[in-house]
Amino acid sequence: MFDHLFNSEPSYSEYNLPLHVVTSARRNTALTVLHHTMMALGLAAIAALGIMFIKPELNDQFQTFSPFYKEEADVADVPAPVSLATIATDTAATHEATLEEANLLGSARQQQSVTNWLAKRYHVSNDATNMLVSEAYLTAKEIKLDPLLILSVIAIESGFNPFAESPVGAQGLMQVMSKVHQEKFDDVGGVKAALNPVANIRVGAQILKEYVTRGGSIEAGLKLYVGAAISDSDGGYGNRVMAEYNRLKDVANGKSVPTITTVNSTATTTTKPDLIKVSDKHIEAEHIAAI
């Protein structure tokens, strides 16, 4: 009896035998079902591969049943990898463009120095001069032209008098021949805006940029601007503009440049006719400066 009570071995009495048999039967049934299922899936996969081999056009249809399938539209959304060379080139180009814009706009200190110097030199209020200088810098950034060159032309052409007019039709700060360049005023209110300081700077700077590009240099562009393209001399106009241009560059760079108060700040006219006869053809001077 004591052996029966303290026996650590499992008992396989007749009461436990039916439970053991039932468990074994269920396990064998599950294995059999799993075996048949795997066999069926394997046969289906083999059949699918056979069909795809015989009819390749069904390949795309079978791919849609895959959990790893992704539509082409989704794949197309993934950006193509960018090479390091492309990134370096784009970065260099952006940096160069940024430096160019920074040079054209200048710093706040440079603009202020230029404003103060011009106001004293041409006896114009600081507020008015600041507005003109700011517009010259903004226009220069848009058309990629040195703002100090624009201001130099204004200085020589009109002495910063926005209402200057010459007998031959040159008007405003940059003494634009509005009758010759009517189409350029279309975007700024028409030729009636020729005496508007902002409109005059925009149109005059655009003309100046075109002439500098056409002439291939600032000096050649100034000769075209003054209307002396077919003349041997521009009457010293280019030298006066370049001298003022160099002075303004020194001012912008922080150098001390004296203001010469004896400069004539009013617009005077030249004796050049607005019609020049060359080879029996009348050529209208595109611009006659007031100097």
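The following legends describe close-up views of one predicted protein model.

**View 1. Overall make-up of the predicted protein.** The secondary structure comprises 11 helices and 4 strands, taken as DSSP runs (helices H or I, at least four residues; strands E, at least two) numbered from the N terminus. Of the 291 residues in the protein, 30% are buried (under 20% relative accessible area; exposed is over 50% and partly exposed in between, with a 1.4 Å probe and protein chains only). Residues are numbered from 1 along each chain as its sequence is written, and side-chain values use heavy atoms, without hydrogens and water. As this is a predicted model, local features need pLDDT of at least 70 and side-chain atom pairs count only at pLDDT 80 or more, whereas totals for chains, interfaces and linings use all residues.

**View 2. Confidence along the chain.** The mean pLDDT (the predictor's confidence in each residue, from 0 to 100) is 75 for the protein. Confidence is highest in helix α8 (residues 147-158), at a mean of 97, and lowest in strand β3 (residues 275-278), at 31.

**View 3. Salt bridge between Arg-202 and Glu-135.** The closest N and O atoms of this salt bridge are 3.2 Å apart; the term denotes a side-chain nitrogen of Lys or Arg within 4 Å of a carboxyl oxygen of Asp or Glu. Arg-202 belongs to helix α9 (residues 197-215) and Glu-135 to helix α7 (residues 126-143), so the pair ties together parts 67 residues apart in sequence. Arg-202 is partly exposed at 29% relative accessible area, while Glu-135 is buried at 11%.

**View 4. Salt bridge between Asp-250 and Lys-255.** Here the closest N and O atoms are 3.7 Å apart. Asp-250 is partly exposed, and Lys-255 is exposed.
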